Each structure stands twice: as structure tokens, then as C-alpha cells.
Amino acid sequence: MIELNNLIENPSAPIAVVGTTVWGITLSVMLAKKGTEVRLLARTEQEAKLLNTEKESTAKLPGFKFPERLFVTHDPLVVFHDVNIILMVVPSSSMRANAAWVNRFLNANSIVVSAAKGLEADTTMRMSEVLADEIPTAKFAALSGPNLAREIINNKPASTVVSSKSLEVSLAVQSALNSQMFRVYTNSDIIGTELAGAFKNIIAIGAGVVDGIDLGDNAKSGLVTRGLSEMTRLGVAAGGEGSTFAGLSGLGDLIVTCYSGLSRNYKVGLSLSRGLTAEQAVKNLGGEVAEGISSTPVALSLAQKLGVELPLTEVIQELLSGEIKTDEAIAKIMNRSPRNE
């Protein structure tokens with residue numbers, strides 16, 4: 001049984017990170033730098049040996065050496081031994097499979113934190129719901145906010161949100177992750193936090209298109225603002241709190257994802273604006289994942305269930321599927337019947 005107060009009072013207790021993604025490695029390096037023992041779970045023995053030998057990920061984050069307190073292994077018995085906080089940093093498409101496998105090795109009542117910003121395609125579930133399905137004895141939280149990995153690993157300041165229905169869980173994770181350069185806030189609206197994190201990726205694809213065809217700052221401001229409106233409508237209909245979408249996991253993450261050239265989803269939009277298909281845009285990412293591509297049709301399915309209209313999201317999905325070109329997308333948006341804001 002986990003004593004949550006002990007975790008709050010001992011922020012340097014060991015942490016397990018599942019996923020050698022760019023974000024997973026970044027979180028691992030950041031935590032190890034502040035003195036936490038970090039155990040990063042690799043997919044294979046070969047990958048673990050390579051990362052431990054090179055003391056960096058030359059493929060994903062070259063030049064950023066692993067601190068002494070970061071250890072990589074493919075052995076789950078080593079990773080999860082005596083660890084009570086686990087960060088799940090894998091794509092949403094593989095979250096369920098990873099959670100089902102991890103469940104065999106966890107301590108009872110472990111705290112499992114989703115760091116993925118997406119929705120499950122077949123079920124429209126948020127990641128914490130997927131985790132609850134597969135790890136029923138755990139406690140859950142979601143990590144979300146304006147967190148560009150390559151800025152954070154360069155030791156630039158950032159802020160984020162840890163959300164959980166349990167205040168004690170939020171405080172325990174906050175204590176574990178907070179540092180001088182990574183300011184962690186808490187909230188209890190995990191529905192809103194997760195939906196905001198997934199939805200902002202969709203709007204970022206649109207932002208990339210707007211910039212790619214040089215529609216101007218007025219158009220981009222309109223897209224981001226109306227995108228925030230769609231995000232909020234859907235989130236509130238799903239049970240989230242409207243105020244969450246004005247916070248770091250909502251507006252904060254939306255801004256950085258729509259305006260930064262480091263954003264993968266923004267890059268997808270740029271590729272679409274140049275006439276590339278969604279598949280070609282993904283190839284240009286060099287193996288990284290743009291969650292907005294898979295989240296867009298799932299968000300529309302969820303909206304249909306909840307009776308929510310998402311006109312921007314519909315147009316972005318039509319662009320992704322190749323049904324329309326950019327000039328048709330502009331016409332569909334601008335020719336909609338005028339209405340009250």
C-alpha cells in the first residue's frame with residue numbers, strides 16, 4: 001500500500017518512465033538532473049544497451065547526455081521494483097497494450113501518470129480511462145501543458161499541469177516532478193485536462209495550414225480562438241470544467257502548439273499546405289508521432305455522441321483525408337452562415 005504523504009514528503013523517490021519517445025527521454029533527463037533516480041523502460045535489450053552505452057539518444061535527442069541517476073533497462077522487474085510513480089509516455093495508439101503489459105509488474109495502488117495527449121480510436125476514451133481499464137488497482141493522473149520537449153531538455157523554463165480526481169495523487173506527482181525550471185500546477189478536472197491536450201493538436205494542424213499558405217495573422221488568430229471555442233464546447237459536454245480550457249492544458253498548450261515550429265502537428269499542417277498527403281506529412285516527421293492526425297476523427301465521433309458541432313475540426317479532417325484542398329477548406333469555413341459568437 002502506498003503512503004501518499006510519504007511520496008509528497010520524499011520527491012526524490014524512484015520514478016519509472018515507460019517509453020523511449022522524445023518526451024519520455026526528456027522527462028527522464030529532467031528528473032535525473034534534479035537528483036531523482038529514474039528507470040527508463042526500453043522496448044528491447046538491444047535498445048537499452050545502446051542507450052546506456054552512448055549515454056544519450058543519438059537517434060532522437062543527440063547531444064543531450066544522460067545524467068548519472070538515469071538508468072535504461074528492458075527488464076520490467078528492475079524498472080518497477082519498489083517504484084510507486086510510473087509515467088506512461090507512449091503514443092495513445094499503444095497506450096492500452098502497454099498498460100496491459102505493465103499491469104503485471106506494478107505494486108498495488110501505484111500512481112500511473114499518462115503523459116500522452118490523444119484519444120483511443122475505437123472507444124473515444126481518454127488515456128486515463130484506458131489506463132483504468134487495464135490497471136484497475138492503480139491511482140491515475142494526467143500530465144499536460146505547453147511542454148515542447150526540445151525546449152525543456154535545453155533547460156528552458158516551462159510550466160505544466162498534473163490532474164487527478166484525487167488531490168493527494170496530484171500533490172504526490174507534483175512533488176515528484178516540480179523543479180526550478182519545470183513548474184507544476186495541479187487541478188482536479190482530468191476530463192477537461194485530457195480533452196484539451198488531445199484537441200489542441202487538431203487545431204495546430206489547421207494553424208500549420210494557415211501559415212503555410214500565408215493567410216495572415218488575422219486568419220490565424222480567428223482559427224485559434226474558434227478552435228478554443230470548439231475545444232471548450234466539447235470538453236464541457238463531456239463533463240469537463242470550462243475554466244480548465246483557459247488554463248495551461250487548454251489555452252496555454254494551444255498557443256505553443258499552434259505557433260511553434262517545434263510542434264509536430266503544426267508541421268503536419270505545413271506539409272498539407274504544400275500539397276502533401278497526411279501519410280507523406282507523417283514520413284516527414286522522421287518517426288515521431290503527430291497525435292492530431294488520429295485524434296481528429298475520434299474527436300468528431302465523440303462530438304457526434306454528445307451532440308456538439310465542431311465545424312473547424314470537420315474541415316481539418318477533410319483536409320487530412322484528402323477530400324478537399326486548402327482553397328476549398330477556406331471557402332467552407334468563411335461561407336458558413338453568420339451567427340452569434
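How many residue pairs are in polar contact across the interface of domain 1 and domain 2? The rule finds five, both residues of a pair having pLDDT 80 or more; a polar contact is a pair of N or O atoms within 3.5 Å, where within protein one must be able to donate a hydrogen and the other to accept it, and residues adjacent in sequence count only if both atoms are side-chain atoms.

Before you click further, know that this is a predicted model, in which local features need pLDDT of at least 70, side-chain atom pairs count only at pLDDT 80 or more, and totals for chains, interfaces and linings use all residues. Residues are numbered from 1 along each chain as its sequence is written, and side-chain values use heavy atoms, leaving out hydrogens and water.

**Stop 1: the two domains.** Select 1-188 for domain 1 and 199-335 for domain 2; such bounds come from an automatic or database domain assignment. Their centres, taken over C-alpha atoms, lie 26 Å apart. In the contact (heavy atoms within 4.5 Å), domain 1 takes part with 23 residues and domain 2 with 22.

**Stop 2: a salt bridge.** Now show Asp 253 and Lys 117, which form a salt bridge with their closest N and O atoms 2.7 Å apart. The term stands for a side-chain nitrogen of Lys or Arg within 4 Å of a carboxyl oxygen of Asp or Glu. Between the two domains, the count is two salt bridges.

**Stop 3: the domain 1 side.** Colour helix 7 (149-152), strand 7 (158-163) and strand 8 (182-187): each supplies at least two residues of the side touching domain 2. Strand 7 gives the most, with three residues. Helices (H or I, at least four residues) and strands (E, at least two) are DSSP runs, numbered from the N terminus.
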